Amino acid sequence: MPVTTRDWVLAAPASLDAFGIDRRSAMASGLAAFSLALLGCEVSAAKPQRRMAARDWIERQGELARALKGGQISPLQWMADAERLAGEIEVAELMAEVDKAQVTQNAMPPTNDPRKSSIRFLDAEGAPRKLGYGAALFAFEPHNVITPHGHRHMVSSHLVVEGAFRVRNFDRLRDEGEAMIIRPTRDYIARTGALSAMSGPSDNIHWFVPEGGKAMTFDVIISGLDQGEADYEIEAIDPLGGIARPDGTILAPKMSFEAASVKYSAEI
Ligand SMILES: [Fe+2]
């Protein structure tokens, strides 16, 4: 069966039923946020008291990165902690700290990707701080897209610092030859202040399309997680060109980023 862009939005609630979980018990068992996300509802940024100073927040990200690399926390715990941390900072305060950092704008990519700028935070003496993670800004023009892709040996989090995105995630269940077996997990609008994170076991595939104009993310990238392996590995896939399976998974062929950039425009 061919996959359509709405398959996971429309099929997901049905699959809850198929597993014997009705909406009422899903709500009661704490699956509410999950099923709402599957329904494509908007998830607005949590608005707790955001009281952490930007410098401390940047340091705290480093503590989490080191704990993950050292095996003190799991990738799933890191995702939960990164999510919580995102609720502790005012975006404007973080961006004021970014303004004081060394910002290196990368060359324009040959694909339709957003332009990346690498961030090096500096200490009081003006030397780069050793934080244990990479920080970057991705500045999207309205037509730029980060096409669906999977990762290995790394995790990342993406804080929306300007505008909004349609974010689609999939779990990467396994690879089969030149394809990945994936399961849709989320399809939602992330507005300024919201965080999207991915790891090996959860939401490993992500896809970002700006919603309603220019938009930007602040990314924390932790690579080199698997000793003896490459620092990281990123592969584009084609979920829309995949095969939908009766169990709700999709066999999605791998594809080049160049081909993905042509197919996955901002209109999809
Ligand atoms: Fe990515």
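Two residues are in contact here if their C-beta atoms, placed from the backbone, lie within 7 Å. The structure is a predicted model, in which local features need pLDDT of at least 70 and side-chain atom pairs count only at pLDDT 80 or more, while totals for chains, interfaces and linings use all residues. Residues are numbered from 1 along each chain as its sequence is written. Helices (H or I, at least four residues) and strands (E, at least two) are DSSP runs, numbered from the N terminus.

**Confidence**

- The protein averages a pLDDT (the predictor's confidence in each residue, from 0 to 100) of 87, and 81% of the residues score at least 70.
- Over residues 9–42 the pLDDT is below 50, although this stretch has 29 contacts in the model beyond near neighbours in sequence.
- Where pLDDT is low, the predicted coordinates should not be read in detail.

**The sheet**

- Six strands, in the order E1-E2-E3-E10-E5-E8, form an open sheet with antiparallel pairing, where two strands pair if DSSP finds at least two bridges between them.
- Strand E1 (102–105) and strand E8 (195–198) stand at the edges with a single partner strand each, so one side of each is left without a neighbour in the sheet.
- From one strand to the next, the twist averages 25°.
- Strand E5 (residues 154–162) is joined by eight bridges to strand E10 (residues 215–223), the two running antiparallel, and His158 stands opposite Asp219 in E10.
- E5 is also joined to E8 by four bridges, again in an antiparallel arrangement, with Leu159 opposite Leu195 in E8.
- In a regular strand the side chains alternate between the two faces of the sheet.
- In E8, Leu195 and Ala197 point one way and Ser196 and Met198 the other way, and all are buried; a residue is buried if 20 or more other C-beta atoms lie within 10 Å of its own, exposed if 12 or fewer, and partly exposed in between.

**Helix packing**

- Helix H6 (residues 91–99) lies across E1, strand E2 (115–120), E5 and E10, and runs at about 105° to E5; axes are lines fitted to C-alpha atoms, for helices over the stretch in contact, and angles run from 0 to 180 degrees between N-to-C directions.
- Helix H4 (residues 54–69) packs with H6 at an angle of about 85°, their axes being 9 Å apart, and the two are therefore roughly perpendicular to each other.
- Angles of 65 to 115 degrees count as roughly perpendicular, those under 35 as roughly parallel, those over 145 as roughly antiparallel and the rest as oblique.
- Ala54, Arg55, Trp57 and Ile58 of H4 make this contact with Glu93, Leu94, Ala96 and Glu97 of H6.
- The residues of the contact of H4 with H6 divide into five nonpolar, no polar and three charged, where Ala, Val, Leu, Ile, Met, Phe, Trp, Tyr, Cys and Pro count as nonpolar, Asp, Glu, Lys and Arg as charged, and the others, Gly among them, as polar.
- The axes of H4 and helix H5 (residues 75–86) come within 10 Å and cross at roughly 175°, which makes H4 roughly antiparallel to H5.

**Two loop residues**

- Asp113, in the loop between E1 and E2, is partly exposed, with 18 other C-beta atoms within 10 Å.
- Leaving aside neighbours within four places in sequence, Asp113 is in contact with Asn144, Ile146 and Ser261.
- Ser256 is found in the loop between strand E13 (250–255) and helix H7 (257–263) and is exposed, with 12 other C-beta atoms within 10 Å.
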